[in-house]
Amino acid sequence: MEQQGRPPPAAHQTIAGKLFRNLFKGLLFSQLTLISLLVIVLTIRGLISASSHHFHPKKWYPPLLASVAVSGVASLAWQCIFIYNPSRAVRATFWLSPILTCSVGILLVLIGSAVDAVVGSAFVLFAITQSLYGCWITTRFEYTDKLLSLATAFPPARTREVVCLSITFSLVYSGFLVTGIGGATSTRTSVDLLFISVILISLSWTMQVLKNFQQVAISRARYVNFAHGEEMDAWDAFRITMKHLVGSICIGSTLVPIIVFIRGSIRSVNLMSGSSDEVMYSGADCFSTIANKLITLGNRWGFVHVGTYDKGFVEASSDTWKKFRSTSGLEKLIDSDLTSSLCFLSAVSVGAVSSLTAGIWMLLTHKDYALEVTLYAFIIGYFVGRVGLAWLQACVLAYYVAYSEDPQSMRFDGTIPNRIQRLQMLSAHRDNREHEVGREIEEDSTRYNNC
């Protein structure tokens, strides 16, 4: 059958598109090779020179490596909660993440130095922001519960094997990079700081690629079920993805974080520009236009069409978003979806658990390196958490894309239409209220001028 083999080729694949896919595929394997060589060299050099510097490998490595292992356990535990009780998992994530993040901030403040206090204060501020956000979106919890239950009710066969393999690889790769970071830390020259930065950038991108491998494979298997009522093995989808779609996934793994950051910044500007000033209003309108254009060039929903139709990532993103816009109210619903926030805060929680493990250990044994080890552990834990929950987001992506292509299908219940209707009612009520307030202000202004 078609879905069991290679994805059907897209109708048009330009020479430039193929070139970029091959370029990014080569870039992935080249950076993996070069980073591996760099880590090996740094590790060997660090072990040789450790005796001549104030660096103690036996005190530095165990806490960080232990935190890597803890991140794997926490990631598996987190998704078990999602599998058996999605409703409680949603609420627990939005409450636990601020608490754990704040705990990391307090730990860093307790270390004692001014730099530690500044970084710790940033974590506390981040925790407060999470708490405020959690209070703001409580009305969306019920819909999120229903959607997660529908999208993840019957995951593709062998999904657990794919997830466990991905988490295992992320742990092994993270542990391997930790040895190189330790080797660079042992000598601590300006060049070594550059090496550490390069290793962390490589870790971030590689983990993004690994996460999106899962998203493409599992969303493809789930899409086949939602759209056609057929079953597909997640392992087969993962194998096909690894064989044929590496380049497109690498492109998406590069574009999506950049576009998400830019759109997030634009949204923040728009919120802060809620003024009647004409210049501010026109600027906000211009930014909104840019944001609406960017989302068609790269979005996470495009990964569904990458896996299903073997499209280039930009083309897949554009096609999926056009489908969303063609269904009344769906674009606004998807733009307010909590799944990405849920996965993000879940990963933050895993990172916080990991950093608390390493930070407390270092605080008790080797305080001089407590800050950096805590931050390394947080970064690694965060990405392991994202890899662990990629399957959940993939199921939701597939559900939305399949619905947008056939909203009248009997395979979908009234969850999405009812939510769209609810949002439209709220929007109409808000518009009416704003109109009434504007009319009252205008009437008061007229009375004042007459006086």
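The structure is a predicted model, in which local features require pLDDT of at least 70 and side-chain atom pairs count only at pLDDT 80 or more, whereas totals for chains, interfaces and linings use all residues. Residues are numbered from 1 along each chain as its sequence is written, and side-chain values use heavy atoms, with hydrogens and water left out.

Two helix pairs illustrate the packing, where helices (H or I, at least four residues) are, like strands (E, at least two), DSSP runs numbered from the N terminus. Two packed helices are described by the angle between their axes and the distance between the axes. The axes themselves are lines fitted to C-alpha atoms, for helices over the stretch in contact, and the angles run from 0 to 180 degrees between N-to-C directions. For helix α6 (residues 159–187) and helix α15 (residues 370–388), the axes come within 9 Å and cross at roughly 160°. The two helices α6 and α15 are therefore roughly antiparallel to each other, given that angles under 35 degrees count as roughly parallel, over 145 as roughly antiparallel, 65 to 115 as roughly perpendicular and the rest as oblique. The crossing of α6 and α15 is right-handed; by the convention used, a crossing is right-handed if the near helix is turned clockwise from the far one by less than a right angle, and left-handed if anticlockwise. On the α6 side, the residues that meet α15 include Val 163, Ile 167, Leu 171, Val 178 and Ile 181 as well as Ser 166, Ser 170 and Ser 174, while those contributed by α15 include Glu 372, Tyr 376, Ile 380 and Val 384, contact meaning heavy atoms within 4.5 Å.

The second pair consists of helix α2 (residues 57–84) and helix α3 (residues 86–111), whose axes come within 6 Å and cross at roughly 140°. Helices α2 and α3 are therefore oblique to each other. Their contact is made by Trp 78, Ile 81, Phe 82, Ile 83 and Tyr 84 of α2 together with Pro 86, Ala 89, Val 90, Thr 93 and Leu 96 of α3. Thr 93, which lies in helix α3, has 0% relative accessibility and counts as buried, the classes being buried under 20% relative accessible area, exposed over 50% and partly exposed in between (1.4 Å probe, protein chains only). With neighbours within four places in sequence left aside, Thr 93 is in contact with Trp 78, Phe 82 and Pro 98, and also with Leu 342, Leu 345, Ser 346 and Ser 349.

Phe 213, in helix α7 (residues 190–228), is likewise buried, with a relative accessible area of 6%. When residues up to four places away in sequence are not counted, Phe 213 touches Phe 238, Thr 241, Met 242, Val 246 and Ile 249. The C-alpha atom of Phe 213 is separated by 9.1 Å from that of Cys 250, which is 37 residues away along the chain.

Helix α11 (residues 302–309) is mostly covered, seven of its eight residues being buried; these are Gly 302, Phe 303, Val 304, His 305, Val 306, Gly 307 and Thr 308. Asp 310, which follows α11, has a positive phi, near 60°.

Eight salt bridges are counted under the criterion of a side-chain nitrogen of Lys or Arg within 4 Å of a carboxyl oxygen of Asp or Glu. In one of them, the side chains of Arg 91 and Asp 145 meet with an N to O distance of 2.6 Å. This pair links distant parts of the chain, Arg 91 being in helix α3 and Asp 145 in helix α5 (residues 141–151), 54 residues apart. Arg 91 is partly exposed at 32% relative accessibility, whereas Asp 145 is buried at 10%. Within helix α5, Glu 142 forms a salt bridge with Lys 146, the closest N and O atoms being 3.8 Å apart, and the two residues are four residues apart, about one turn of the helix. Glu 142 is exposed at 54% relative accessibility and Lys 146 is partly exposed at 45%. A further salt bridge joins Arg 325 to Glu 331, with the closest N and O atoms 3.0 Å apart; Arg 325 is partly exposed at 39%, as is Glu 331 at 23%.

The structure holds zero disulfides, a disulfide being a pair of cysteine sulfur atoms within 2.5 Å. Among the cysteines, Cys 343 is buried with a relative accessible area of 3%, and Cys 395 is buried at 0%.
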